[in-house]
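Here is a short tour of one model, arranged by topic.

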Amino acid sequence: ISDLTVYPNEETAMAANPPQPEGDEVSFLKEQAWKIDFAIQQVKRQPIREVIHTSGEIQPVKGEEKIIAAKSRCIGVFKSKNLQEGRNVRAGESLFTISSKGLLQSNMEEKYQVAKARIDNTKAGFERAEKLVKEQIIGQKEYERRKMEYTIAQAEFQTLTSSYNTGGQSVAATMSGIVKNVMVSDGQFVEEGTPLIQITNNRRLLLQAEVSQSHLPKLRMVKSANFKTPYQKEVQSIDDYNGRLVSYGKMIEQGSSFIPVLFELDNLHELIPGSFVELFLQTQVMNNELVISKAALMQDYSLNYVYVQTGGESFAKREVKLGVDDGVNVQILSGISEGEWVVTKGAYQIKMASMSSTIPAHGHEH
(Lines give C-alpha, C1' and ligand atoms only; values in the text may rest on other atoms or scores of the structure.)
Protein backbone atom coordinates (compact mmCIF):
# COMPACT_ATOMS: atom_id res chain seq x y z
CA ILE A 1 0.00 0.00 0.00
CA SER A 2 1.83 3.04 -1.31
CA ASP A 3 0.49 5.66 1.15
CA LEU A 4 0.90 3.59 4.32
CA THR A 5 4.15 3.59 6.29
CA VAL A 6 4.99 0.50 8.35
CA TYR A 7 7.39 0.92 11.29
CA PRO A 8 9.47 -1.86 12.80
CA ASN A 9 8.35 -1.12 16.37
CA GLU A 10 6.23 1.21 18.54
CA GLU A 11 9.13 3.44 19.59
CA THR A 12 10.01 4.26 15.98
CA ALA A 13 6.35 4.91 15.14
CA MET A 14 5.88 7.28 18.09
CA ALA A 15 9.08 9.14 17.30
CA ALA A 16 8.00 9.67 13.69
CA ASN A 17 4.48 10.74 14.71
CA PRO A 18 4.64 12.82 17.90
CA PRO A 19 1.24 13.60 19.51
CA GLN A 20 -0.27 16.80 18.22
CA PRO A 21 -1.57 19.38 20.69
CA GLU A 22 -5.30 18.92 21.05
CA GLY A 23 -6.40 22.25 22.52
CA ASP A 24 -9.74 21.73 24.30
CA GLU A 25 -10.20 18.20 23.00
CA VAL A 26 -10.70 15.42 25.51
CA SER A 27 -9.95 11.77 24.95
CA PHE A 28 -12.67 9.47 26.22
CA LEU A 29 -12.11 5.83 25.35
CA LYS A 30 -14.77 3.37 24.22
CA GLU A 31 -13.98 1.24 27.28
CA GLN A 32 -14.86 4.23 29.48
CA ALA A 33 -18.10 4.91 27.61
CA TRP A 34 -19.19 1.26 27.88
CA LYS A 35 -19.02 1.43 31.68
CA ILE A 36 -21.52 4.30 31.96
CA ASP A 37 -24.87 5.40 30.57
CA PHE A 38 -23.50 7.06 27.44
CA ALA A 39 -25.28 8.45 24.37
CA ILE A 40 -24.76 10.93 21.56
CA GLN A 41 -27.25 12.76 19.32
CA GLN A 42 -26.89 14.26 15.89
CA VAL A 43 -27.68 17.96 15.56
CA LYS A 44 -30.64 18.31 13.19
CA ARG A 45 -33.01 20.96 11.97
CA GLN A 46 -36.55 20.39 13.19
CA PRO A 47 -39.61 22.28 14.46
CA ILE A 48 -39.73 23.68 17.99
CA ARG A 49 -42.43 25.82 19.57
CA GLU A 50 -41.92 29.17 21.21
CA VAL A 51 -42.40 28.93 24.94
CA ILE A 52 -43.85 30.95 27.81
CA HIS A 53 -41.83 29.90 30.85
CA THR A 54 -43.80 30.18 34.09
CA SER A 55 -44.93 28.27 37.18
CA GLY A 56 -48.19 26.65 38.21
CA GLU A 57 -49.96 24.23 40.49
CA ILE A 58 -51.60 20.81 40.15
CA GLN A 59 -55.17 20.91 41.49
CA PRO A 60 -58.00 18.40 41.83
CA VAL A 61 -60.94 18.80 39.46
CA LYS A 62 -63.97 20.35 41.14
CA GLY A 63 -66.53 17.66 41.86
CA GLU A 64 -63.80 15.07 42.35
CA GLU A 65 -63.67 15.84 46.07
CA LYS A 66 -66.23 15.08 48.78
CA ILE A 67 -66.49 16.35 52.35
CA ILE A 68 -68.39 14.16 54.81
CA ALA A 69 -70.00 16.06 57.68
CA ALA A 70 -71.57 15.10 61.02
CA LYS A 71 -75.34 14.69 60.84
CA SER A 72 -75.92 15.67 64.47
CA ARG A 73 -74.16 16.91 67.61
CA CYS A 74 -72.06 13.96 68.66
CA ILE A 75 -68.71 12.46 69.54
CA GLY A 76 -66.80 10.96 66.61
CA VAL A 77 -64.90 7.70 66.99
CA PHE A 78 -62.57 6.36 64.28
CA LYS A 79 -63.50 2.92 63.00
CA SER A 80 -59.84 2.26 62.18
CA LYS A 81 -56.66 3.49 63.83
CA ASN A 82 -54.99 4.02 60.44
CA LEU A 83 -57.57 6.54 59.25
CA GLN A 84 -55.14 9.21 58.07
CA GLU A 85 -54.18 11.34 55.06
CA GLY A 86 -53.14 9.36 52.00
CA ARG A 87 -55.11 6.21 52.81
CA ASN A 88 -57.26 4.63 50.09
CA VAL A 89 -60.96 4.20 50.93
CA ARG A 90 -63.83 2.47 49.14
CA ALA A 91 -67.30 3.86 48.55
CA GLY A 92 -69.55 2.64 51.37
CA GLU A 93 -66.64 1.85 53.71
CA SER A 94 -67.43 2.77 57.32
CA LEU A 95 -65.02 5.46 58.55
CA PHE A 96 -66.52 6.82 61.80
CA THR A 97 -69.01 5.88 64.44
CA ILE A 98 -70.66 8.96 65.89
CA SER A 99 -72.54 8.75 69.16
CA SER A 100 -74.32 11.24 71.38
CA LYS A 101 -74.72 8.86 74.29
CA GLY A 102 -74.11 10.72 77.54
CA LEU A 103 -74.80 14.15 76.05
CA LEU A 104 -77.58 16.16 77.70
CA GLN A 105 -78.76 17.45 74.35
CA SER A 106 -79.04 15.74 70.98
CA ASN A 107 -78.76 12.27 72.51
CA MET A 108 -79.13 9.91 69.54
CA GLU A 109 -80.27 7.02 71.73
CA GLU A 110 -83.01 9.19 73.18
CA LYS A 111 -84.01 10.43 69.73
CA TYR A 112 -84.15 6.85 68.53
CA GLN A 113 -86.43 5.79 71.37
CA VAL A 114 -88.70 8.81 70.84
CA ALA A 115 -88.90 8.21 67.09
CA LYS A 116 -89.65 4.52 67.62
CA ALA A 117 -92.41 5.29 70.13
CA ARG A 118 -93.90 7.86 67.76
CA ILE A 119 -93.94 5.54 64.78
CA ASP A 120 -95.50 2.79 66.89
CA ASN A 121 -98.18 5.21 68.12
CA THR A 122 -98.97 6.74 64.71
CA LYS A 123 -99.00 3.30 63.09
CA ALA A 124 -101.57 2.05 65.59
CA GLY A 125 -103.65 5.22 65.09
CA PHE A 126 -103.53 4.87 61.31
CA GLU A 127 -104.49 1.17 61.37
CA ARG A 128 -107.41 1.98 63.69
CA ALA A 129 -108.47 4.83 61.40
CA GLU A 130 -108.55 2.45 58.42
CA LYS A 131 -111.18 0.36 60.20
CA LEU A 132 -113.17 3.35 61.49
CA VAL A 133 -113.38 5.08 58.12
CA LYS A 134 -114.82 1.93 56.56
CA GLU A 135 -117.50 1.88 59.27
CA GLN A 136 -118.03 5.62 58.69
CA ILE A 137 -117.33 6.34 62.37
CA ILE A 138 -114.73 8.98 61.38
CA GLY A 139 -114.63 11.16 58.32
CA GLN A 140 -112.19 11.07 55.40
CA LYS A 141 -110.42 14.20 56.67
CA GLU A 142 -109.55 12.59 60.01
CA TYR A 143 -108.37 9.47 58.22
CA GLU A 144 -106.04 11.52 55.97
CA ARG A 145 -104.64 13.37 59.00
CA ARG A 146 -103.70 10.13 60.80
CA LYS A 147 -102.23 8.72 57.58
CA MET A 148 -100.05 11.83 57.15
CA GLU A 149 -98.83 11.62 60.77
CA TYR A 150 -97.82 8.00 60.27
CA THR A 151 -96.06 8.78 56.96
CA ILE A 152 -94.05 11.63 58.52
CA ALA A 153 -93.09 9.51 61.55
CA GLN A 154 -92.06 6.67 59.25
CA ALA A 155 -89.81 8.95 57.14
CA GLU A 156 -88.15 10.47 60.24
CA PHE A 157 -87.54 7.02 61.73
CA GLN A 158 -86.00 5.70 58.49
CA THR A 159 -83.69 8.74 58.22
CA LEU A 160 -82.58 8.31 61.82
CA THR A 161 -81.99 4.58 61.58
CA SER A 162 -80.47 4.42 58.04
CA SER A 163 -76.98 4.04 59.54
CA TYR A 164 -77.80 3.84 63.26
CA ASN A 165 -77.09 0.88 65.50
CA THR A 166 -76.79 0.33 69.21
CA GLY A 167 -73.19 1.60 69.17
CA GLY A 168 -74.04 4.83 67.40
CA GLN A 169 -74.43 6.09 63.85
CA SER A 170 -72.02 4.89 61.19
CA VAL A 171 -70.47 7.40 58.76
CA ALA A 172 -69.38 5.83 55.46
CA ALA A 173 -67.31 7.05 52.52
CA THR A 174 -69.52 8.47 49.78
CA MET A 175 -66.96 7.77 47.05
CA SER A 176 -63.84 5.73 46.43
CA GLY A 177 -60.60 7.66 46.56
CA ILE A 178 -57.84 8.92 48.84
CA VAL A 179 -58.23 10.59 52.22
CA LYS A 180 -57.06 14.15 51.65
CA ASN A 181 -57.78 15.57 55.10
CA VAL A 182 -59.03 14.18 58.42
CA MET A 183 -60.62 17.22 60.02
CA VAL A 184 -61.34 15.92 63.52
CA SER A 185 -59.55 13.96 66.22
CA ASP A 186 -60.59 10.57 67.52
CA GLY A 187 -63.19 11.11 70.28
CA GLN A 188 -63.71 14.80 69.48
CA PHE A 189 -67.12 16.41 70.12
CA VAL A 190 -68.58 18.00 66.98
CA GLU A 191 -71.64 20.04 66.14
CA GLU A 192 -74.14 19.08 63.45
CA GLY A 193 -72.68 19.89 60.02
CA THR A 194 -69.05 19.83 61.20
CA PRO A 195 -66.76 18.48 58.37
CA LEU A 196 -65.25 15.17 59.44
CA ILE A 197 -63.17 14.02 56.49
CA GLN A 198 -62.30 15.08 52.93
CA ILE A 199 -61.92 12.45 50.19
CA THR A 200 -60.44 13.14 46.78
CA ASN A 201 -60.58 11.12 43.59
CA ASN A 202 -57.48 12.39 41.79
CA ARG A 203 -57.90 10.45 38.55
CA ARG A 204 -58.54 13.73 36.75
CA LEU A 205 -56.51 16.83 37.59
CA LEU A 206 -56.21 20.48 36.68
CA LEU A 207 -52.88 22.11 35.91
CA GLN A 208 -53.14 25.85 36.45
CA ALA A 209 -50.44 28.14 35.12
CA GLU A 210 -50.00 31.72 36.33
CA VAL A 211 -48.94 33.86 33.36
CA SER A 212 -47.67 37.43 33.33
CA GLN A 213 -49.95 39.98 31.66
CA SER A 214 -47.20 40.76 29.13
CA HIS A 215 -47.86 37.37 27.48
CA LEU A 216 -51.60 37.95 26.95
CA PRO A 217 -51.33 38.34 23.12
CA LYS A 218 -49.64 34.92 22.89
CA LEU A 219 -52.13 32.99 25.03
CA ARG A 220 -54.52 32.36 22.12
CA MET A 221 -51.70 30.35 20.46
CA VAL A 222 -51.09 28.05 23.46
CA LYS A 223 -51.85 24.46 22.40
CA SER A 224 -49.88 22.28 24.79
CA ALA A 225 -47.35 22.42 27.62
CA ASN A 226 -44.45 20.65 29.28
CA PHE A 227 -44.05 20.64 33.04
CA LYS A 228 -41.55 19.58 35.70
CA THR A 229 -42.57 18.45 39.19
CA PRO A 230 -40.18 18.43 42.18
CA TYR A 231 -40.49 14.64 42.53
CA GLN A 232 -39.98 13.56 38.89
CA LYS A 233 -36.57 13.56 37.20
CA GLU A 234 -37.78 14.15 33.66
CA VAL A 235 -39.81 16.98 32.16
CA GLN A 236 -43.32 15.73 31.37
CA SER A 237 -45.68 16.61 28.51
CA ILE A 238 -49.40 17.01 29.15
CA ASP A 239 -49.90 15.04 25.91
CA ASP A 240 -48.58 11.99 27.78
CA TYR A 241 -51.42 12.50 30.30
CA ASN A 242 -54.23 12.89 27.72
CA GLY A 243 -54.15 16.57 28.61
CA ARG A 244 -56.00 19.41 26.92
CA LEU A 245 -56.24 23.16 27.24
CA VAL A 246 -59.46 24.07 29.07
CA SER A 247 -59.31 27.85 29.11
CA TYR A 248 -57.27 30.92 29.84
CA GLY A 249 -58.53 33.85 31.87
CA LYS A 250 -60.10 36.77 30.06
CA MET A 251 -60.02 38.77 33.28
CA ILE A 252 -57.68 38.99 36.26
CA GLU A 253 -58.89 38.10 39.74
CA GLN A 254 -58.85 40.81 42.35
CA GLY A 255 -55.59 40.80 44.28
CA SER A 256 -53.70 38.94 41.53
CA SER A 257 -51.52 40.28 38.73
CA PHE A 258 -51.37 37.03 36.76
CA ILE A 259 -53.60 35.44 34.13
CA PRO A 260 -54.69 31.83 34.86
CA VAL A 261 -54.28 29.20 32.12
CA LEU A 262 -55.97 25.84 32.82
CA PHE A 263 -55.18 22.39 31.47
CA GLU A 264 -57.06 19.20 32.35
CA LEU A 265 -55.21 15.87 32.39
CA ASP A 266 -55.45 12.26 33.55
CA ASN A 267 -53.38 11.29 36.57
CA LEU A 268 -51.52 8.46 34.85
CA HIS A 269 -48.20 8.72 36.72
CA GLU A 270 -49.08 9.49 40.35
CA LEU A 271 -49.17 13.27 40.24
CA ILE A 272 -49.88 14.82 43.62
CA PRO A 273 -52.59 17.52 43.87
CA GLY A 274 -51.19 20.64 45.49
CA SER A 275 -47.77 20.25 43.85
CA PHE A 276 -46.12 23.37 42.43
CA VAL A 277 -44.58 22.83 38.99
CA GLU A 278 -42.33 24.54 36.46
CA LEU A 279 -44.25 25.09 33.23
CA PHE A 280 -43.34 25.56 29.56
CA LEU A 281 -46.42 26.75 27.64
CA GLN A 282 -45.96 25.98 23.94
CA THR A 283 -47.18 28.60 21.48
CA GLN A 284 -46.18 29.41 17.89
CA VAL A 285 -44.21 26.76 15.99
CA MET A 286 -40.75 27.60 14.58
CA ASN A 287 -39.71 25.40 11.67
CA ASN A 288 -36.25 24.32 10.48
CA GLU A 289 -34.33 25.27 13.63
CA LEU A 290 -31.16 23.66 15.00
CA VAL A 291 -32.43 21.66 17.98
CA ILE A 292 -30.76 19.35 20.49
CA SER A 293 -31.90 17.58 23.62
CA LYS A 294 -31.65 19.73 26.73
CA ALA A 295 -29.88 16.77 28.37
CA ALA A 296 -26.78 17.63 26.30
CA LEU A 297 -26.31 21.02 27.98
CA MET A 298 -23.61 21.63 30.57
CA GLN A 299 -23.14 24.84 32.48
CA ASP A 300 -20.32 26.67 34.22
CA TYR A 301 -21.77 29.73 35.89
CA SER A 302 -23.44 31.61 32.99
CA LEU A 303 -21.60 29.67 30.28
CA ASN A 304 -23.62 27.03 28.39
CA TYR A 305 -21.67 24.40 26.51
CA VAL A 306 -21.85 20.90 25.03
CA TYR A 307 -19.33 18.21 24.22
CA VAL A 308 -19.06 17.58 20.48
CA GLN A 309 -17.62 14.31 19.19
CA THR A 310 -14.67 15.19 16.95
CA GLY A 311 -13.38 11.64 16.51
CA GLY A 312 -14.06 8.08 17.59
CA GLU A 313 -12.71 8.71 21.07
CA SER A 314 -12.21 12.47 21.16
CA PHE A 315 -14.59 15.23 22.23
CA ALA A 316 -14.37 19.01 22.23
CA LYS A 317 -16.00 21.42 24.64
CA ARG A 318 -18.07 23.91 22.63
CA GLU A 319 -19.80 27.01 23.96
CA VAL A 320 -23.32 27.42 22.59
CA LYS A 321 -25.81 30.27 22.46
CA LEU A 322 -29.34 29.15 23.30
CA GLY A 323 -32.70 30.16 21.94
CA VAL A 324 -36.09 28.63 22.76
CA ASP A 325 -36.14 26.14 25.64
CA ASP A 326 -39.30 23.98 25.90
CA GLY A 327 -38.03 21.95 28.85
CA VAL A 328 -37.19 18.91 26.71
CA ASN A 329 -35.36 20.35 23.69
CA VAL A 330 -33.49 23.60 23.16
CA GLN A 331 -32.84 25.76 20.08
CA ILE A 332 -29.16 26.39 19.24
CA LEU A 333 -28.37 29.83 17.80
CA SER A 334 -24.59 29.38 17.49
CA GLY A 335 -21.69 27.19 18.56
CA ILE A 336 -22.41 23.94 16.74
CA SER A 337 -23.47 23.01 13.22
CA GLU A 338 -26.02 20.72 11.65
CA GLY A 339 -24.77 17.15 11.34
CA GLU A 340 -22.37 17.27 14.31
CA TRP A 341 -22.80 14.83 17.18
CA VAL A 342 -23.24 16.01 20.77
CA VAL A 343 -23.09 13.99 23.99
CA THR A 344 -26.52 13.68 25.66
CA LYS A 345 -25.57 11.13 28.33
CA GLY A 346 -22.19 10.92 30.01
CA ALA A 347 -21.11 14.54 29.48
CA TYR A 348 -20.25 14.93 33.15
CA GLN A 349 -17.82 12.00 32.98
CA ILE A 350 -16.13 13.63 29.96
CA LYS A 351 -15.85 16.83 31.95
CA MET A 352 -14.16 14.91 34.79
CA ALA A 353 -11.80 13.31 32.27
CA SER A 354 -10.86 16.79 30.98
CA MET A 355 -9.93 17.81 34.53
CA SER A 356 -7.70 14.77 35.04
CA SER A 357 -3.97 15.33 35.05
CA THR A 358 -3.42 12.02 33.23
CA ILE A 359 -5.52 12.45 30.13
CA PRO A 360 -4.57 9.61 27.75
CA ALA A 361 -3.46 10.45 24.23
CA HIS A 362 -5.38 9.26 21.19
CA GLY A 363 -5.61 5.51 21.08
CA HIS A 364 -5.87 2.84 23.74
CA GLU A 365 -3.76 2.76 26.85
CA HIS A 366 -3.83 -0.23 29.17
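Strands, as named here, are DSSP runs of at least two residues, numbered from the N terminus. With that in hand, please note that the model is a predicted one.

**The open sheet**

- Four strands make up an open sheet, and reading across it gives the order E4-E12-E10-E6. The pairing in this sheet is antiparallel.
- Strand E4 (65-69) and strand E6 (88-89) are the edge strands, each of them pairing on one side only.
- E4 and strand E12, which covers residues 195-200, run antiparallel and are joined by five bridges.
- For a landmark in E12, look for Thr 200, which has Glu 65 standing opposite.

**Ser 94**

- You will find Ser 94 in strand E7, which spans residues 94-99.
- Is Ser 94 buried, partly exposed or exposed? Ser 94 counts as partly exposed because its relative accessible area is 26%, which falls between the 20% and 50% cut-offs.
- Ala 173 lies 79 residues from Ser 94 in sequence, yet their C-alpha atoms are 6.4 Å apart in space.

**Arg 203**

- Arg 203 sits in the loop that links E12 to strand E13 (204-212).
- With a relative accessible area of 60%, Arg 203 is exposed, since the cut-off for that class is over 50%.
- Which residues does Arg 203 touch, leaving aside those up to four places away in sequence? The contacts are Leu 265, Asp 266 and Asn 267.
- One of these, Asp 266, is 63 residues from Arg 203 along the chain, and 5.9 Å separates their C-alpha atoms.

**The largest pocket**

- The largest pocket holds about 290 Å³ of space.
- Its lining is made of 13 residues, and those closest to the centre are Glu 234, Val 235, Ser 293, Ala 295 and Gly 327.
- Which elements give two or more residues to this lining? They are strand E18 (276-293) and strand E24 (341-345).
- E18 gives the most to the lining of the largest pocket, contributing three residues.
- Sorted by class, the lining of the largest pocket has six charged, four nonpolar and three polar residues.

Notes
Residues are numbered from 1 along each chain as its sequence is written. This is a predicted model: local features need pLDDT of at least 70, side-chain atom pairs count only at pLDDT 80 or more; totals for chains, interfaces and linings use all residues. Side-chain values use heavy atoms; hydrogens and water are left out. Two strands pair if DSSP finds at least two bridges between them. Buried means under 20% relative accessible area, exposed over 50%, partly exposed in between (1.4 Å probe, protein chains only). Contact means heavy atoms within 4.5 Å. On a 1 Å grid over the protein atoms alone, a cavity is a set of points where a 1.4 Å probe fits but cannot get out, and a pocket is an open set with protein on both sides within 12 Å along at least five of seven lines; lining residues have an atom within 4 Å of a point. Grid points are joined across faces, edges and corners, and a volume is the space filled by probe spheres set on the points. Ala, Val, Leu, Ile, Met, Phe, Trp, Tyr, Cys and Pro count as nonpolar, Asp, Glu, Lys and Arg as charged, and the others, Gly among them, as polar.
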